[in-house]
Amino acid sequence: MTDLFSSMPIEQLPVLRETIYLEKFFAISIHADHQWKGIIIVGPVINFKMTEEIIRVTLSDLLAKADHHEMKMYYDGVPVMSTFKLINLSMAMYFMLYQKKLTLDEILLKNEDERWRKTLEVEQPYKQIIDDRQNNLVHTEIDKEKKVFDFIRLGRTDKVLESFHTIHKQGKKSVLSKTSYLRSQKNLAISLITLATRSAVEGGVFQEIAYNLSDFYILKIEDLTDSQAVEDLMEVALLDFAERVKRSKKHKYSKPINICQNYIFNHLNERITISQLAEITSLNPNYLSNLFKKEVGISISQFILKTKIEEAQNLLTHSHYTLAEISTLLNFYDQSYFAKVFKTYTGCTPKQFKDQRTNG
C-alpha cells in the first residue's frame, strides 16, 4: 500500500491508483493550517465480480504463485464498484474535507494515466444498463441469461444465439480499442464459457471434452486484441457447446471413443496414430478402429482430418495466422495437402474461406 502511493504529490486533489491485481484505490492529501498532515486512502474496490476462471487467468498472466483459494476468498470480500462511482466517491470525500466541488475533468487531468479516462468512456454507454438493473429489471435479465444456458443444455443450436443476442446485442454501443473494455469483454466471455461448460456437461457432453474445450476457448480469448473479435468468438463458443450437446444426444459414445475424441482434440498440432489411441484406451488397434467407425460413422483418420479442418476454420476466422502457419500448426506435411483436405471438407480453399469471412 505504501509503495502504491509512494510517488503521490502533496497537492490536495484525489489521486487514483490501480494494482496489477485489478484493485483500485484513491487517496487524498490532508492539509490543515497550511501544513501537510498525511493522506486518506480509500480502497480496494474492483470493477466486476472475480470468478474462479478470471482469477485463474489473472494469476497465470502475472505468473503469480498465490494460492488460488485464498485469492478467491480475498476477492469475494472486495466491494464491486465502477470507476465512475469510485471517482464520484473521491469527489464527495474531497468536498467533505475542503468544501470545494471538483469536476471529472479536474480529476482526470490530475491523473494523467489514460486508463482512467478510457474506463469512463466505456462505462458511460452502459449507464442505462446499470439503471435498468437498479429499477427492478434484475430478475427479468437473470431469466433471460438462464435461457441461454438452458438451450445449451438441451442442445438447441437454433435458439442459443437468438437468446444470447437478445441480452447482449440490443442497444449495444461500439466502443473499440479500449484496453479496459477489452479486459471487461474477456472477463465476461470467460464467465459465460464457464457456465456454458457446466451446461454442456449437464446436457450429456463427456466431462473431459467439455472442460478441455473450455480451456481451449479461454486461451484463444486471451490471445485476442480486439473487443469485437472477443464477442464473435464468444458466440462461436456458445454455439459449439450447444452443437456438441446436440451430437451427444444423437450419438451416445462409449468411454473409449470419448477418450479418443478428447485426445485428438487436445493434440491437433501433433501426428496422431491409431497405435497411440489404442494405447491410451487399452484396446487392440483393429478393435478400436472398428468400434470408432461403428459409433462415429467415419474412420479415426477421417475424424482427425475433419477435426483439424474445423480448427483451421476457427483459426482463419479468429486469428492472424497465415495459411502457411496454420498448415504447420496443424501438422500438415505441406500447404498444398492442407488446401486439398480443407476443400474436401468445406467445399472451398482456405484462401476462399478467409476471403469470404473478411469480405462478409
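Predicted model: local features only at pLDDT ≥ 70, side-chain atom pairs only at ≥ 80, totals over all residues.
Reader: How many helices and strands does the protein chain have, and what makes a run count as one?
Author: The protein chain has 18 helices and three strands. Helices (H or I, at least four residues) and strands (E, at least two) are DSSP runs, numbered from the N terminus.

Reader: Why are β1 and β2 called paired?
Author: Two strands pair if DSSP finds at least two bridges between them. Strand β1 (residues 15–18) and strand β2 (residues 24–32) have four bridges, in the antiparallel sense, so by the definition they pair. Leu-16 stands opposite Phe-26 of β2, and Arg-17 stands opposite Phe-25. Five residues lie between the strands of this hairpin, where Leu-22 takes a positive phi near 75°.

Reader: How do you know that β2 and β3 pair?
Author: Eight bridges join β2 to strand β3 (residues 35–45), again in the antiparallel sense. Ser-29 has Ile-39 as its bridge partner in β3, and Ile-30 stands opposite Gly-38. This hairpin has two residues between the strands, and Asp-33 takes a positive phi near 55°.

Reader: What makes β1 and β3 the edges of the sheet?
Author: The three strands form an open sheet in the order β1-β2-β3. β1 and β3 each have a single partner strand, so one side of each has no neighbour in the sheet. Neighbouring strands are turned by 25° against each other on average, direction ignored. Axes here are lines fitted to C-alpha atoms, for helices over the stretch in contact, and angles run from 0 to 180 degrees between N-to-C directions. Helix α3 (residues 83–98) lies across β1, β2 and β3, at about 10° to β2.

Reader: Why is Ile-257 called buried?
Author: Buried means under 20% relative accessible area, exposed over 50%, partly exposed in between (1.4 Å probe, protein chains only). Ile-257 has a relative accessible area of 0%, so Ile-257 is buried. Ile-257 lies in helix α12 (residues 255–266), where Cys-260 and Phe-265 are among the other buried residues. Contact means heavy atoms within 4.5 Å; Ile-257 touches Leu-288, Leu-291, Phe-292, Glu-295 and Val-296, not counting residues up to four places away in sequence. Over the protein chain, buried residues make up 39% of the 360 residues.

Reader: What puts the buried residues of α17 on the same side?
Author: The buried residues of α17 are Phe-338, Val-341 and Phe-342. They cover an arc of only 105° around the axis, so they lie on the same side of α17. The arc is that of the directions from the helix axis to the C-beta atoms. On the other side of α17, Ser-336, Lys-340 and Thr-344 are exposed.

Reader: What makes a set of residues a nonpolar core, and which residues have the most contacts inside the largest?
Author: A nonpolar core is a set of buried Ala, Val, Leu, Ile, Met, Phe, Trp, Tyr and Cys residues joined through side-chain atoms within 4.5 Å. The largest has 40 residues, and those with the most contacts inside it are Met-50, Ile-152, Ile-193, Tyr-217, Leu-238 and Phe-241. Helices that each supply at least two residues include α7 (138–154) and α9 (179–202); α11 gives the most, with eight residues. Ile-152 touches, among others, Val-160, Leu-238 and Phe-241. A second, separate core of 27 residues includes Ile-272, Leu-330, Val-341 and Phe-342.

Terms used. Residues numbered from 1 in each chain as written. Heavy atoms only, no water.
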